[in-house]
Amino acid sequence: MKLTELTQKLNLDVRSAKTDLDREVTGGYASDLLSDVLGNAEEGDIWVTLQIHQNIVAVASMKDLAGIILVNGREPEQETIEKAEAENIVIMVTDLPTFEIVGKLYDLGVTGIK
Amino acid sequence: MNSDSRISKVQELVYEIRIRDVMKDDVVTVSPQTPMSRLRTILREKRISGTPVVDTNKLVGIISIDDFIRWLAEREDDCPISEKMTGNVETLYADEPLVHAVNKFEQYGFGRFAVIDRQDKRLRGIITKGDIIEGLLKKLEIDYHREETQNERIQRFFDDIYADRIALFFQYNVAGKDFKRAGESSSRLKATLGRLGLHPQVIRRVAIATYEAEMNLIIYADGGRIRVRVEPHQILVKVEDSGPGIPDIEKALQPGYSTAPDWVRELGFGAGMGLNNISNCADRMNLNSTVGKGTHLSIYITINNGAGSETN
């Protein structure tokens, strides 16, 4: 499933790299520990987190993740957005908490284990 | 690449690509009650040669410029589109592979097909032969680009150098406590290795290991330096600092063990998995540390056509 489809179906607001929404989402990972994501997420995963500082961009870029969803209505810091633009990392935001958004992702067929 | 294999690549793609990937989804529709006299303006303004006719979300027909010309030629009175449209429309499902569309175009000779959702049967988009060609070209371009950049460019580069030993060397200086620039060195290294055309899997392993090491320099050691040596069959990342050192290396290597302060943990770091991640990415790793003097970490990653992964 492409990011465009996710943003439409889950009502996500895109905060960075709007031109990269045709990226394919092949799975999902939810965690707020960056090393956990580095160790266990997989290429093409959509990452659900509440961390908003700019290091999330580096993590997403290292792992070639499909994009980041920030939960609980948290907004990325300005520096995070700038860095995400520079590295073409799509950051999306939702008002829902992690549990809810992950459930909705799962409903759409985005799973954690391939 | 000869022409035969390119054809088979296209054949492969028409099975792989779904109709929804290439269709246009911002479709202009008309209602069955729209008068024929309005059609010209609609087609001209939207620069299209035909459009689906939709009645309360249900697809009831398709009207094309041919239908319009026929109506004009016959000099009939104005009438609703429903009287001149093609009803009983042949449709495609959005999740069907592209090859079904190709076959249908061949079978019916139509200029376009309406694409509907398999479940709710609502109109999702419209597909023309042009969309298929465009979609295939785009995909071929992406694949070609990927092949071009990933064709182990560096290996060919190394092959061109006559020497007993060849190595490329990069150094990155990391400032301590500088969370704003955290990850910058590993990002730059990742981009560099990408330009050299190394296999993505190798690049990812090097980048992750380097990122974790870089974070350690920033969090615990007040900075340091990262030196990278790229050789034809191996990459060595040497990370050195003159920080406080690690009192108990065995403990530090245990997953989950961490001495990070709370403010670092709140940022999502300091989970005690850094060294663990590094060793998972590395083929070999050496960690030497003296309390009060500093820490030296050597990470070896073998280049063997990209085999292995960061979760191995």
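Start where the two chains meet: select helix α3 (residues 55-62) of chain A together with helix α9 (residues 200-220) of chain B, whose axes come within 9 Å and cross at roughly 155°. Angles over 145 degrees count as roughly antiparallel, so α3(A) and α9(B) are roughly antiparallel to each other. Keep in mind as you look around that this is a predicted model.

Now show the side chains at this crossing. From α3(A), pick Asn55(A), Ala58(A), Val59(A) and Met62(A). From α9(B), pick Arg204(B), Ala207(B), Ile208(B), Tyr211(B) and Met215(B), which complete the contact.

Is Ser35(A) buried or exposed? Its relative accessibility is 6%, and buried means under 20%, so Ser35(A) counts as buried. To see what lies around Ser35(A), leave aside its neighbours within four places in sequence and select its contacts: Glu212(B), Gly268(B), Met273(B), Gly274(B) and Asn277(B).

For the last stop, move to chain B and select strand β1 (residues 50-55), which runs antiparallel to β2(B) and is joined to β2(B) by 6 bridges. For one of these pairings, highlight Thr51(B) and its bridge partner in β2(B), Ile63(B). The two strands form a hairpin with 2 residues between them, and in the turn you can pick out Thr56(B), which has a positive phi of about 35°. Finish by showing the surface around β2(B), residues 58-64: this strand is mostly covered, with 5 of its 7 residues buried.

Methods. Residues are numbered from 1 along each chain as its sequence is written. Chains are lettered from A and ligands numbered from 1 in the order in which they are written. This is a predicted model: local features need pLDDT of at least 70, side-chain atom pairs count only at pLDDT 80 or more; totals for chains, interfaces and linings use all residues. Side-chain values use heavy atoms; hydrogens and water are left out. Buried means under 20% relative accessible area, exposed over 50%, partly exposed in between (1.4 Å probe, protein chains only). Helices (H or I, at least four residues) and strands (E, at least two) are DSSP runs, numbered from the N terminus. Two strands pair if DSSP finds at least two bridges between them. Axes are lines fitted to C-alpha atoms, for helices over the stretch in contact, and angles run from 0 to 180 degrees between N-to-C directions. Angles under 35 degrees count as roughly parallel, over 145 as roughly antiparallel, 65 to 115 as roughly perpendicular and the rest as oblique. Contact means heavy atoms within 4.5 Å.
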